[in-house]
Every structure is written in C-alpha cells, then in structure tokens.
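Thanks for asking me to look this one over. Here are my notes, as numbered points, to read with the model open beside you.

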Amino acid sequence: MKNTIFYLVILFALGSCSDFDEQEFTVLLPSAGEDQVIFTETSGTTIQLDGSNSKDINNLGFEYFWEVISTPEGFPITFSNTNTPKPTFEVQPDASGRYELSLKIFRGDQIARDLINVDINPANTQILLVNAIDANHEATLHVPSVAITGNPIASKTTDNTYYNIDTNIAKETDGTILIEVEYNGVTLSANQNMEALKNYTLYLIGTENNPELLLKEKVKNQNTIPSGSISLGFINLAEGTDNVTPFIDVSSINPALAQPIPVDLAFGNLLGVPDKFGILNYKDNAEVTIPSNAIFPLPTFAYANNAPISNPSFLTLQNNEDRKFGTYMLFPDKSTPEGHTLIFVNNSALLPQ
C-alpha cells in the first residue's frame, strides 16, 4: 500500500511538471513589422500592417490584438480588424505626424507585445541652403512640389546663411525630390533622393557664372546630438584647395607641443573621440562630436596645401546650454591672400527646444 501511494505521488508530480513546463516554457515572439514612413496622395492612403512574422517557439498557437497608442491630434484611426495578423487603416489626405501602434499576441495568460511607429508625411525633414559663391548675389531655394519658397540668402553670411524647411516633403514619381535655386538670373535644379526624418545641407558652389548645387546629408544633426556634447562639421567648398586639414593649436596649453596637431588626432587619440575629420578635398565633408567637458577655447584653424588659413576658436557650452552644433566651411574668397577663408556657421538655433 505504501508503494502504491508512493507511485501515485510520483505520477501526479510528473503530470503536474508536464503541465507546468508547457505553460512556463511557451515563448511568444511578437513582430509588429518594421517602422514605416509614408507619403500620402491627395486622396489619402491605406496603411498595411504585417504581424505575420510573430512566432510561438512551441507552435502551440496564439491570438492577435492590435491597439492604437497615439495618433496625431485630430486624426484618429480605426483598424479594419484588430484580431488579424495583417490589418489596415485609412489616413486622411492632410494627415501628418506619428502613429504609435502596438501588437499583442497572447495564449491563455501569456502575453507579449511589440511596438511599431508609422510616420505619415513626416514634418521634420530639413533642407538648409548655403550660398558659398564669392559674389554679391542672393540665392533663393524653391521646392515646387510643396510650394515652398525660402527667404533669399546672401553669400557667405554666418548664422543666417542657414534656414530650414521644416515641412512635408513630397516625392516625385521616380522617388526623388525636385529642388530649385534661383541665383544671378538662373534657375538651378536637381532631382535628389532625400529620406524623411533626416537633415540635408544644400550648398550653392562653383562660380558666379558657373554655379552648381551640392547636397550633403548632415549625419550629426539636431536629432542625433546627445546632451553635453558639441558637434562640429567641416566642409571644403573652395575649389583648388585640396588636402585641407583642420587643426587645433594645443601648444597654447602645452608649450612642449610646438606644432599644431589635426583636430581628429587631438580628439581621437587624446580625448578618445572616435569620429574623424581626416584630410578633405574639394566637396568633401566630415563631422566630429566631442564631449563638452573636453572642449577648451583653443585656436582652431585649417591648413590648405600646407599653408594656414585662419584662426577661429572652438565653441564652449554656456551655463544654460546642454549641447551645440555648427559647421566650419572653407569658402572661396578673392579678397584674401590665400584665395579662401574659413567661416564657422553656428546652427545651435536649430536644436530641439
């Protein structure tokens, strides 16, 4: 009798463990799909979601449930079916902003969630225009597809060289965006591939009689600069001045270093910053982000073809600032002995408030 009771206890325990294992080790892996960036047509757009890559590693089955976390104010949505792996929803023609959505998969008491963002006509794609030609003519940017006309930009100014178009950028049928610049009675145009949620600088370069456009993405922009950092760009816009190297004069704090050393060497090797400027040729650009506690008001300048150009200084963060960014630009300049000059353009006003 004792043995019978003992065996029954063992069998009961094994049965219980089996049920426990099935419940405890069933792993649900939800997948709401990749984030989407959508440009709507005038008639509105149907958005397709896809959670079909969600899995249960034990293949025991599960159910779906889609939820709306947030939508742009005034633009609510309704799913075609909240319990299907591939629901749709409609957005209005003038909708603009981020839709935050959640996919929940569940089996009994087990629940797992995944999130997805859908950006409709994202409004923070930015184009910044720089008139880098050494002439007394203004330049004006146009984006015809969204009826945008910027303010006229004079040549080689500093902070007001830049302005941003913070608007919905409409794409052409081939996936590009048509941009135009009016300069000296001529309309320059270019179809450019530009992605949403990024920042670009459009440089007007060349000469007064032969202008051209140069588009560069700003990798380190106001959306990616961490607090407590200063982000510096450098671009060579002076034709004929290859082998340009930005320098920092560390000899002002260490007399033993009689010669200046390149910016990227100073901050990369001495301060542990991985980004680099390197040696820049015509139309090249580079960026470096530096911890603010590593910034000193040291003279910073550039060599072009082994000759020094100018001596501005690094920025420092003021008491009420938590980050800052801007770009050193090497311009053609007939009024200087070298034929070019270095100007720092401070873009800190574009940082999110």
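1. Which residue in S12 does Leu141 stand opposite? Leu141 faces Val181 there. Before going further, a word on the basis: this is a predicted model, where local features need pLDDT of at least 70 and side-chain atom pairs count only at pLDDT 80 or more, while totals for chains, interfaces and linings use all residues. Residues are numbered from 1 along each chain as its sequence is written, and side-chain values use heavy atoms, with hydrogens and water left out.

2. Let us stay with strand S10 (residues 139-143). Helices (H or I, at least four residues) and strands (E, at least two) are DSSP runs, numbered from the N terminus. Five of the five residues of S10 are buried, so the strand is largely enclosed by the rest of the structure. "Buried" means under 20% relative accessible area, "exposed" over 50%, and "partly exposed" in between (1.4 Å probe, protein chains only). Ala139, Leu141 and Val143 are covered on one side of S10, and Thr140 and His142 on the other.

3. S10 has pairing partners, and two strands pair if DSSP finds at least two bridges between them. With strand S12 (residues 177-183), S10 pairs in the antiparallel sense over four bridges. S10 also runs antiparallel to strand S11 (residues 148-149), joined by two bridges; here Val143 has Ile148 as its bridge partner.

4. Now for an open sheet: its four strands follow the order S19-S16-S22-S23, with mixed pairing. Strand S19 (285-291) and strand S23 (340-346) are the edge strands, each pairing on one side only. Within this sheet, strand S16 (residues 229-236) and strand S22 (residues 323-332) run parallel and are joined by eight bridges. Gly233 stands opposite Thr327 in S22.

5. Both Gly233 and Thr327 turn up again in the lining of the largest cavity. On a 1 Å grid over the protein atoms alone, a cavity is a set of points where a 1.4 Å probe fits but cannot get out, and lining residues have an atom within 4 Å of a point. Grid points are joined across faces, edges and corners, and a volume is the space filled by probe spheres set on the points. There are two cavities of 30 Å³ or more, and the largest has a volume of about 60 Å³. S19 gives the largest share of its lining, three residues. The lining divides into three nonpolar, four polar and three charged residues.

6. The second largest cavity, about 40 Å³, has a lining of nine nonpolar, one polar and no charged residues. Here Ala, Val, Leu, Ile, Met, Phe, Trp, Tyr, Cys and Pro count as nonpolar, Asp, Glu, Lys and Arg as charged, and the others, Gly among them, as polar. Its lining includes Phe234, Phe277, Phe301 and Phe314.

7. Finally, the structure holds five salt bridges, each a side-chain nitrogen of Lys or Arg within 4 Å of a carboxyl oxygen of Asp or Glu. One of them joins Asp119 and Arg98 (2.9 Å, N to O). Asp119 lies in strand S8 and Arg98 in strand S7 (residues 97-107), so the pair ties together parts that are 21 residues apart in sequence. Asp119 is buried at 7% relative accessibility, whereas Arg98, at 38%, is partly exposed. Glu67 and Arg113 form another salt bridge, with their closest N and O atoms 4.0 Å apart.

Definitions and conventions. On a 1 Å grid over the protein atoms alone, a cavity is a set of points where a 1.4 Å probe fits but cannot get out, and a pocket is an open set with protein on both sides within 12 Å along at least five of seven lines; lining residues have an atom within 4 Å of a point.
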